[in-house]
Structures are given as structure tokens and as C-alpha cells.
Amino acid sequence: MQYPMPMTDDLPPLALSVRQPWAWAILHAGKEIENRSLGAIRSGRMDVGRIALHAASGMTRKEYDWALWRMTQDGISVPLPSDLPRRAIVGSVEVSEIVTESDSPWFGGKSGLRLRQASPVKPIAAPGALGFFRWSPGGALAPTLAWMETYAPPGLFDTLPRQFRKPPEKPFGTEKA
């Protein structure tokens, strides 16, 4: 995938860390709500404005499978887990408002950040933090984990969506996705 090569000065100084593949979905699949509790929004000093989007280091197989299943229901083709950069600034997005209700299929809690104008960039290795944080480049991208290698690379059937006999167990909360 080709990305615009950013100058770090062109990216907002504040970032929000989001686990993959949800960070990818914000940039490439129209995910317009990032669900957060009002407590997390307040304690993280989250507000409207343009922010850098950070892909967190963590991603479990359970999280990936559930997100893959969820997005496949909407016809979204998700990259292989080994192709999703982690521990990196991956783009920028504007937070246009804090919402407590929404008709968006991406809304799945009691509150969230409404996002728009997402713009991907070539990943820039950077450590993350909770809430809005001042980011700076450093370190390396998170390494590919052993479970990620078990997903078949694209081949003869790469256009077929991954099939699940039943929906994977939701790896978080009890709200809708």
C-alpha cells in the first residue's frame, strides 16, 4: 500500500492510540466513531480538533477475529494481521464532536468520538499512551507475533472473505460493536 510520506511537523502533536484493526478501519473503512467511556474521554482530556492516529502495540487473535468477522458482515476486506502496523503513528483524523448517541453502525457504547477526514500516512514508529498524548517518533514498529503468521497469505482464494462457523466471541464489553 502506498502512503504519503509525512514530515512529522505536518502531523498534529497530540495523538490517540487505537488498537488494530480498528485504527485501520478509521483510516480505510469509514469507521466514524471511536467508542470510549465518558470517564476515559474526560481523564484523557479528549476534545475536538485534528489529532494523530496511533496504532497501539497490542492486538490479540481474539480481537482480530472478532473485528474481522464484524467488518466482513459489512463487506469490508480487512488486511492480514501481519500487515497491520502497530506501535506507530498511522495517520491523522479530525475529532468533530463527542457523542452520547449515534445511528452509526460503529457506535457501540455509551459515548464516543465522532471522526472525519481521516488521512493515512506511512507508519512512523512511536510509543503510545492512554488518552490524548504528545507523541514523538522513536523505537521500532511492534514485531509480528507468532499467531499472526498462521493466517494464510493471499493466494488462489484471496478474494473470498474468511468464513466463521459462528461469530467469534466478543473480546470486550457487552455493548454492541
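How exposed is R116, in terms of its relative accessible area? R116 is partly exposed, at 43%, where partly exposed lies between buried (under 20% relative accessible area) and exposed (over 50%), computed with a 1.4 Å probe on protein chains only.

The views below show a predicted model, in which local features need pLDDT of at least 70, side-chain atom pairs count only at pLDDT 80 or more, and totals for chains, interfaces and linings use all residues. Residues are numbered from 1 along each chain as its sequence is written, and side-chain values use heavy atoms, with hydrogens and water left out.

**View A. The salt bridge between R116 and E94.** The two side chains meet at 2.8 Å, N to O, a salt bridge being a side-chain nitrogen of Lys or Arg within 4 Å of a carboxyl oxygen of Asp or Glu. The pair links distant parts of the chain, with R116 in strand β5 (residues 112-125) and E94 in strand β4 (residues 88-99), 22 residues apart; strands (E, at least two residues) and helices (H or I, at least four) are DSSP runs numbered from the N terminus. E94 is buried, with a relative accessible area of 18%.

**View B. The salt bridge between E97 and R114.** The closest N and O atoms are 3.1 Å apart, and the pair joins strand β4, which holds E97, to strand β5, which holds R114, across 17 residues. E97 is partly exposed at 36% relative accessible area, and R114 is partly exposed at 22%.

**View C. The network of K31, E34 and R36.** Salt bridges that share partners join these residues into one network.
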